[in-house]
Amino acid sequence: MTSRADVLSPEQTAFLVRQRVARLATADTTGVPQAVPVCFAYDSLIYIALDEKPKDVPVTRLKRVRNILENPNVTLVVDRYSEDWDLLAFVMVRGQAGLIRPGTGEHAAAIRLLRGKYHQYEKMRIEENPVISIRPKHAASWGALDAVEDAETFMDALLGRRSVRRYLDLEVPEEAVERVLEAARWAPSPHGRQPWRFAVIERKENKERLAEAMGEKWRANLEMDGQGAEVVEKRLEGSRQRLLDAPVLVLLCLYLEDLDAYPDAGRQENEITMAVQSLGAAAQNALIAAYSSSLDAGWMCAPLFCPEKVTEALGLDPELVPHALLTLGYGAGDPPKRRPRRPLEDLIVYRG
Ligand SMILES: Cc1cc2nc3c(=O)[nH]c(=O)nc-3n(C[C@H](O)[C@H](O)[C@H](O)COP(=O)(O)O)c2cc1C
């Protein structure tokens with residue numbers, strides 16, 4: 001067992017943010033313990049929503065809340081069980097709990113973080129209740145914290161995945177990135193030619209060069225659109241920060257040299273369209289693999305608008321055509337709204 005005096009190690013933090021359920025132990029002043037399973041989010045502090053409807057039971061009557069108000073010392077255990085005992089692991093955090101009341105910036109940030117992690121909270125009025133916060137004082141852990149687990153089912157991964165645009169400052173293990181790329185390479189492609197190549201960008205100076213190069217083009221486009229100087233600066237800075245803050249960037253490039261050659265322009269164009277279609281399939285494979293490895297990911301289209309600049313900034317082979325960027329990391333909460341989908345009836349236009 002490893003333990004640290006007051007903070008979580010990077011491995012403990014990465015394990016903690018990837019788990020979806022924890023057990024919270026509280027005790028009243030007489031020392032009688034109570035343990036409950038909880039959903040939680042982490043960003044320096046641990047946050048737990050109180051999702052009971054205010055009219056059913058006032059949240060301050062909940063035993064865990066009463067205990068915290070009487071005695072703020074709590075323990076949170078985040079564990080993983082598997083029939084494969086090589087995957088067993090847990091992190092135990094002892095800390096000081098408190099209640100964050102609605103109406104403060106800290107409360108709003110905690111709600112955003114929780115909704116970013118659990119889409120189910122988007123439909124629940126958790127913002128009307130206080131949020132439990134835990135300041136970690138001591139952490140201990142055991143087992144295979146780094147092991148990669150799969151999302152429970154394919155549909156869980158499809159429905160749980162979403163575009164994440166803010167990340168925690170946590171390193172992504174090399175194996176997790178490889179797993180994402182491994183999934184991408186199993187995408188369908190025209191004639192099985194796999195017309196894509198992946199550039200992995202992790203170093204800050206490379207991200208900066210990329211941001212700079214793409215920013216120039218975007219600035220010109222925004223100015224052409226007649227956007228005010230302030231708006232232009234704000235959007236460019238937002239995009240730059242997004243690139244710098246994501247622990248890993250994967251640039252998806254088309255590689256067209258292996259495609260079939262046709263004498264007529266029409267078929268040649270279709271060949272390229274098929275390559276682009278398959279790049280989309282590779283991207284979706286990567287996004288689902290990321291999610292099922294407990295990573296978050298986002299999609300940025302910026303390279304499509306300035307492929308030559310991107311090639312130059314990264315010193316890539318000119319035969320590669322930069323198309324899209326995937327950001328990878330551990331999400332730090334997202335805008336609260338999950339993008340709604342159209343009803344299936346609207347999408348099916350014909351049943352013969
Ligand atoms: C081809 C393509 C380009 C995209 N480009 C961007 C982008 O540049 N910036 C961004 O924030 N999201 C981008 N997205 C993500 C979409 O906004 C997102 O998938 C959509 O809003 C649905 O949300 P969800 O992915 O969370 O389900 C892109 C998605 C696709 C498929």
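**Figure 1. Burial in the predicted chain.** In this predicted model, 45% of the 352 residues of the chain count as buried.

Figure 2. Along the principal axes, the C-alpha atoms fill a box of roughly 85 × 55 × 55 Å.

**Figure 3. Charged side chains of the chain.** The chain carries 46 positive and 52 negative side chains. The centres of these two sets lie 8 Å apart.

**Figure 4. A patch of negative charge on the surface.** The patch gathers E11, D146, E171, E174, E175, E178 and E202. Helix α5, which covers residues 174–185, contributes three residues, the largest share of the patch.

**Figure 5. D146, a member of the negative patch.** D146 sits in a loop. This loop runs between strand β8 (131–143) and helix α4 (154–160). The relative accessible area of D146 is 49%, so this residue is classed as partly exposed. On the surface, D146 is grouped with glutamates that include E171 and E202.

Notes. Residues numbered from 1 in each chain as written. Predicted model: local features only at pLDDT ≥ 70, side-chain atom pairs only at ≥ 80, totals over all residues. Heavy atoms only, no water. Buried < 20%, exposed > 50% of the residue type's maximum accessible area, 1.4 Å probe, protein only. Lys, Arg positive; Asp, Glu negative; His and termini not counted. Charge placed at Lys NZ, Arg CZ, Asp CG, Glu CD. Patch = residues over 30% accessible without salt bridge, like charges linked within 9 Å, V, L, I, M, F, W, Y side chains within 5 Å. Areas by Shrake-Rupley, 256 points an atom, 1.4 Å probe, with all protein chains shown as cover. Salt bridge = Lys/Arg side-chain N within 4 Å of Asp/Glu carboxyl O. Helix = DSSP H or I, 4+ residues; strand = E, 2+ residues; numbered from the N terminus.
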